[in-house]
Amino acid sequence: MSALAVERLTKSFGKHVVLRGVDLEVAEHEVVALIGASGSGKSTLLRCINLLEAIDEGRIFLADREITGARDVNAVRRRIGIVFQSFNLFPHMNVMRNVTLAPRDVLGLSKAEAETRAVELLDRFGLADKRLEYPDRLSGGQQQRVAIVRALAMRPELMLLDEVTSALDPELVAEVLQVIGELAQGGMTMVLATHEMSFARDIANRVCFLDEGRILEVGTPDEIFTNPKEPRTQQFLERIIKARRL
Amino acid sequence: MAIALGSTAVFFVVVAVAITHAPGWPEVRRQFFDWGEFKATFPEVARAFLLNVKIFCIAEVLILVFALVLAVLRSLPGPVFFPLRALAIVYADLFRGIPTILVIAMLGFGAPALGLSYIPKSVIFWGIVSLVLIYSAYVSEVYRAGIDSIHPSQEAAARSLGLSRGQTLRRVILPQAVRRVIPPLLNDFIGLQKDTALVGTLGAIEAFQQSQIDTNATFNFTAYLSAAVLFVAITIPLARFTDWLVLRDRRRRVAGGTT
């Protein structure tokens, strides 16, 4: 059984075509990294999977059941966690409220149940003392970890991570990557768009190189990073190496 | 601070001297600033002013609710809701366009004249309805500005967690939007406090109407002063409170403190 399958997905914004027939299959407990230049369609692909963007053509399956055209998008979304580049915590709620909002309002958990679940996750990711803080009192790294906890509190079967370290100061990147590493070890199925090539190499089972809305090359991290077949992939990685990001 | 106080004092002394040396001043003083008249009319006008306060309080609550409904209607996305959006836009255009006193006159004299047994005939009722209709048009625009100021990523975050559109609005968008627009909201309510006097044109004995009755009886205009003092007494604290909120908000944003 595949956790996620995307078939011939196309998406355009007006005249601008962002995804031109993307095929992707993700097995349970697999971690797939999406790499590629800005504007190659990584973020859009993740947003389409979560039904945040309406797709033009193609089909998406979650645990072998089609979710494209789902009547209840909320029911689909609660099974998929997404973490954004810009954290997007709710600024008017403290950490605890941020994390318990959806479990209470969407899953119908009681306050006590939701808080037990939240406390457990916050403790696990070193945020135990931040429960009552408001987002603007937290560092970027802490905010992003809260955002990850907020998504995990829904117990999703799939996590989508959209360049979750791109908005962070360099010294804060490690703490967030560590959390994601722990999730991967725990067997969480994940699709992550990232610019952190060495991280993708360490954590991913498979790496997809996106170029102009297509998955141009798929392989194990070794295949992609040491032996890229496509000239475009080679060019991209050379540029990354020159910028000392690998 | 000392300079500010000094220049303010000088300014008022100059104005006071200019007015008190005007050729018509003795007459104006007798007509508008008669202490005896003031003492005689103030209690009556103050009693009538309670009606202004009542009108204001009832209208305010209704406006807060009705305007929010209008603003939400106008923020609904998609072609399905186009008729509702269009209706809300026409409404806002219409009631911001017609002078308040006209709406009050048309509804206050027109609606009871219909002679329908099932609608109230009280001019106070129709005065309140008019104020609610007009101010809701303004306040809904204020709310809408607040809703528009919330970044779309907040909605994306909420929807991605499985919250419905309604839950997202109620839990995430509106709490942030309303907080942002409290100062301009209060500003509109300062206007509303003053405009309660227009209900007097329908014959309701509120502060302005009462002072008019007093002036007509005595041919002395000091009763107007009584009414003015009362209005100022409640609008000034609200204005200062609004200023304070704005200042606090700005300080917080600069300091990056808690929301």
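In this predicted model, the second largest pocket holds about 400 Å³ of space, where a pocket is, on a 1 Å grid over the protein atoms alone, an open set of points with protein on both sides within 12 Å along at least five of seven lines. The volume is the space filled by probe spheres set on the grid points, which are joined across faces, edges and corners. Of the 16 residues that line this second largest pocket, the closest to its centre are B:Ser75, B:Pro77, B:Ile147, B:Glu155 and B:Leu169, and a lining residue is one with an atom within 4 Å of a point. At least two lining residues are supplied by each of α3 (35-75), α6 (123-148), α7 and α8 (165-195) of chain B, with the largest share, five residues, coming from α8(B). Helices here are DSSP runs of H or I with at least four residues, strands are runs of E with at least two, and both are numbered from the N terminus. By class, the lining of the second largest pocket has seven nonpolar, four polar and five charged residues; Ala, Val, Leu, Ile, Met, Phe, Trp, Tyr, Cys and Pro count as nonpolar, Asp, Glu, Lys and Arg as charged, and the others, Gly among them, as polar.

Residues are numbered from 1 along each chain as its sequence is written, while chains are lettered from A and ligands numbered from 1 in the order in which they are written. As the model is predicted, local features need pLDDT of at least 70 and side-chain atom pairs count only at pLDDT 80 or more, whereas totals for chains, interfaces and linings use all residues, and side-chain values use heavy atoms, with hydrogens and water left out.

The largest cavity has a volume of about 90 Å³, and of the 15 residues that line it, A:Ile82, A:Arg150, A:Ala151, B:Ser160 and B:Leu161 are the closest to its centre. Two or more residues of this lining are given by each of β6 (80-83) and α5 (140-152) of chain A and α7 (152-160) of chain B, and β6(A) provides the largest share, four residues. The lining of the largest cavity comprises ten nonpolar, two polar and three charged residues.

The second largest cavity has a volume of about 50 Å³, and its lining includes A:Leu161, A:Val164, A:Leu177, A:Leu192 and A:Phe199. Elements that give two or more residues to the lining of this cavity are α6 (170-185) and β8 (190-193) of chain A, and the lining divides into seven nonpolar, two polar and one charged residue.

The strand β8(A) also pairs with β3(A), the two running parallel and being joined by four bridges; two strands are said to pair if DSSP finds at least two bridges between them. In β8(A), A:Leu192 is the bridge partner of A:Ala33. Strand β3(A) pairs as well with β9 (residues 206-211) of chain A, in the parallel sense over four bridges, and A:Cys208 in β9(A) is the bridge partner of A:Leu34. Five of the five residues of β3(A), which spans residues 31-35, are buried, where buried means under 20% relative accessible area, exposed over 50%, and partly exposed in between, with a 1.4 Å probe and protein chains only. A:Val31, A:Ala33 and A:Ile35 point one way from β3(A), and A:Val32 and A:Leu34 the other way.

Elsewhere in chain A, four strands form an open antiparallel sheet in the order β2-β1-β4-β5, with β2 (16-27) and β5 (65-66) as the edge strands, each pairing on one side only. Five bridges connect β1(A) and β4 (residues 57-62) of chain A, and A:Arg59 in β4(A) is the bridge partner of A:Glu7. A:Ser2, found in β1 (residues 2-13), is buried, with a relative accessible area of 6%.

In chain B, B:Asn220 lies in the loop between α9 (207-218) and α10 (222-255) and counts as buried at 8% relative accessibility. Leaving aside neighbours within four places in sequence, B:Asn220 is in contact with residues including B:Arg30 and B:Asp34, contact meaning heavy atoms within 4.5 Å. B:Arg30, in helix α2 (residues 25-32) of chain B, is partly exposed, with a relative accessible area of 47%.

Methods
On a 1 Å grid over the protein atoms alone, a cavity is a set of points where a 1.4 Å probe fits but cannot get out, and a pocket is an open set with protein on both sides within 12 Å along at least five of seven lines; lining residues have an atom within 4 Å of a point.
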